[in-house]
Amino acid sequence: MSMIVPGSQIHHADASKKTPGVLETFRNSIRLAAEKSPLTPGPRGSKNQSPPTPVRAPHSPVLSGVTSPLRSVAALFQTKEDDDDQPQKSKAVMRSRTEVPSMARLDSLLKKGASIRRSLRFSSKKDKRQDAFLAVQEEAVAKEESEEEEEEEEEACEEMEETYTLPELPPVPLSVMQISKLIEMEVLEEAHLHLLALRAEFQQERLGLEDSPIELAKKEKDLSLLYADLRLKLASIVRTSVSLPARNKGLLVHVARIIQEEDKRAQEPGGLQGSWMDAWTEAVDQGARDKVEGVHLEPTNHSNASWLAVHLGLLGKALLEDLEKVKCELRWSYPPSFQVFATYVRAYHTAVKRHLGTLEGRAVELKDLYALLDWIVHRYRSRTMMASPALEPEMSLADVDMRPDGDLLLTLRDKFCRTVQEDLRATLDRLVELENEEMWSTGKHPDKDDDGLLSSIFHIDICTKVRGNVVNAGRVDAELEGDVIASCLAELKDFPKRFHGEFWRRCLSLPLWSEYQVVYINGFQALQCHMEECYAGSNPNGVAAMGEEVTWLLQALQDGLQQRFKKDVKPYLRRMMTRKWLTNDDDFDALHDRAELLARHCEALRPPHRQEVASTVHLHMLKEYVGQLMKNNYSCNNHKHGKAAGKMRAQCRRIADVFRRMGSQDNWLDPVGEHLSDIVGLKNQGDIKDHLQPLLNQYPDFSSRHLTAVLAFRGVLRGREHQRIMCRFNQLRKNAIATTTGDQARNPNDGSRSLFGNMEAAVRADCLSDVSVFCFTFVFPGE
């Protein structure tokens, strides 16, 4: 202090001259350097005009949030005469209570001031005194700033007033380069005041035509460049204000006042085209886009399967954090007319919709599309994000439409359904390949379930896959669930024919082909039942269309099973009713074994297909067995008809027993063996005509040609007894037809219960002619 006081006394006498001289020298040195710089557009005014000394205007209580380095330097070089005016000026440098200055900002400004002082290179005699004075001054300034900061923190959350009073403009503005430097250093209040002063000077010169048109054009260009720099600086501050709220909170006060002032002066010459408020809104939008696009996202060649779910989680967290900062901190730096919170909510919502469009292009897998849809429909507007209690009541008052983009949502729904269908098709194709790898190519016997039915889990895999897709879609909403059900049913509709083609191509020659057919009859029947039970209520048309294709496949598999059996038993049936048959049971035993094998297969078949297969094969078996009797391959001469009748009766009973166990419900077929055995085994030929009535009653499609063939097998080829039997039969048929009328008439060719209708009967020509003549004279004796 002993060093500072003498220095102060020495300079006190010339305070009125020295202090202004130092400031004037400092500003003249800056201006001189600017004029010599190749970037300077040239001096203002005439060539003989000396650079004026800028006069500092009093500070506005609302625009003095950040201390200018130039102002700090000027304050440090004030003398005691300037200190006499300190009470009057202290009111001008009071800061707005809406701004809380940062100590880091203060340290930065003091360091800049020290750097500027060192750059002035004062004489070495004054260095020590001046440094000591500056140290004391800096300590006082820091103490004052600390006290003001404590006071402002108490009222930091008070809302800014809508209107304000613009401070007095400096009579002489700084140079273009100096104003540009202030803008660059973010000394916005002072830069704007000097810019307004420069603009006022231009307007006066424009009206008074004091300068040449060229000079006025140059000044107008300078103003445009400065305003462009200022707008860019404001936009830069606004864009980063959410990411750096502590740094930009005070600057935003000046940003808001500059925007208000410039929009008031929009019609005056010298400014920029376009609304400053619109520019602010655009900067908010750009900041929101930058923040949303800056959320971590895995690259395209990512290896993380949950990349989209992770990104959406981070995005939701970033949105909530940023909007909480806007609500708690940034909105207090603006007047109410800015509607800061609503503007930021709208900006982030727009940025999110745009970003979701980008994510939609990258989401190709089903899990990613589901994560995106679930986030949009449920999580985005949930209490953990945009409807968070931490954002209330401002969010409710913001009046922003938070609904998702309808076109994007429709695109995602369609893409999700298409992907579900494609994924299900790939799954179905893969299941067919697994069946080939695990069963068809290895000849593995199919397993049985707890009910003893042959089964495979392929239909369970299909039902599980469809169920998973439907459940996930239902978690999004009911509309998507219905669309996914329709997509799955459409894909399942095409699957039966594809499966049938692959099965026929790969399994037709396999020994276990019949067992595999039983397996897939059971599987597709279970699949059809599951689809009807679960989805017929929501999509009856789709279930019906799929059911038609499955029914076609089931019938094709049943036909294949039956044709395979018919093919296997055909050579053994051909040897029935022959001489070898009468003396050897090998062929019938082989035939019976095939029937027993089919019976075991049918026992492992689900109803009603078990009954359908058993009844169909039962009819075929008896029809072919009896049909051999009609071919006249053998005639029981020499009293062998008794043995033949006994064998026929026994074999027919064994056949009936097999198919009864198999599940056949065609019991009407069983008596045929008894009736034919009775006719063949009777000792007295004359008794045959008395056994025709039961046969004709049971089987009305039994014709005279069939009876002739049976008589030929019995050995009754011709003669009076033959004619009497045939006449009796024809009379019975005539009476049976006469007793039935209208709708109750029996059609001998009715296929619903027809055993003999399509059965061929080989008859000798001479026998047939005798029968025809005899019957004609017997029935019509007068002719």
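## Two helices side by side

A crossing of helices is called left-handed if the near helix is turned anticlockwise from the far one by less than a right angle, and right-handed if clockwise. By that test, H20 and H21 make a left-handed crossing.

Helix H20 covers residues 513-535 and helix H21 residues 540-573, and the two pack at an angle of about 165° with their axes 9 Å apart. Here axes are lines fitted to C-alpha atoms, for helices over the stretch in contact, with angles running from 0 to 180 degrees between N-to-C directions. As for what sits in the contact of H20 with H21, its residues split into 15 nonpolar, eight polar and two charged. In this scheme Ala, Val, Leu, Ile, Met, Phe, Trp, Tyr, Cys and Pro are nonpolar, Asp, Glu, Lys and Arg charged, and the others, Gly among them, polar.

## About the model

This is a predicted model, where local features need pLDDT of at least 70 and side-chain atom pairs count only at pLDDT 80 or more, while totals for chains, interfaces and linings use all residues. Residues are numbered from 1 along each chain as its sequence is written, and side-chain values use heavy atoms, leaving out hydrogens and water.

## Salt bridges across the chain

Take a salt bridge as a side-chain nitrogen of Lys or Arg within 4 Å of a carboxyl oxygen of Asp or Glu, and the count comes to 36. One of them joins Lys291 to Asp322, at 2.7 Å from N to O. That pair ties together distant parts of the chain, with Lys291 in helix H12 (residues 276-293) and Asp322 in helix H13 (residues 307-328), 31 residues apart. Lys291 is partly exposed at 25% relative accessibility, whereas Asp322 is buried at 1%; buried means under 20% relative accessible area, exposed over 50%, and partly exposed in between (1.4 Å probe, protein chains only).

Arg425 and Glu491 form a salt bridge at 2.9 Å, N to O. Arg425 lies in helix H17 (residues 406-440) and Glu491 in helix H19 (residues 478-507), 66 residues apart. Glu491 is buried, at 0%, but Arg425 is partly exposed, at 38%.

Asp429 and Arg498 pair up too, at 3.3 Å, again linking H17 with H19, 69 residues apart.

Terms used
Helices (H or I, at least four residues) and strands (E, at least two) are DSSP runs, numbered from the N terminus.
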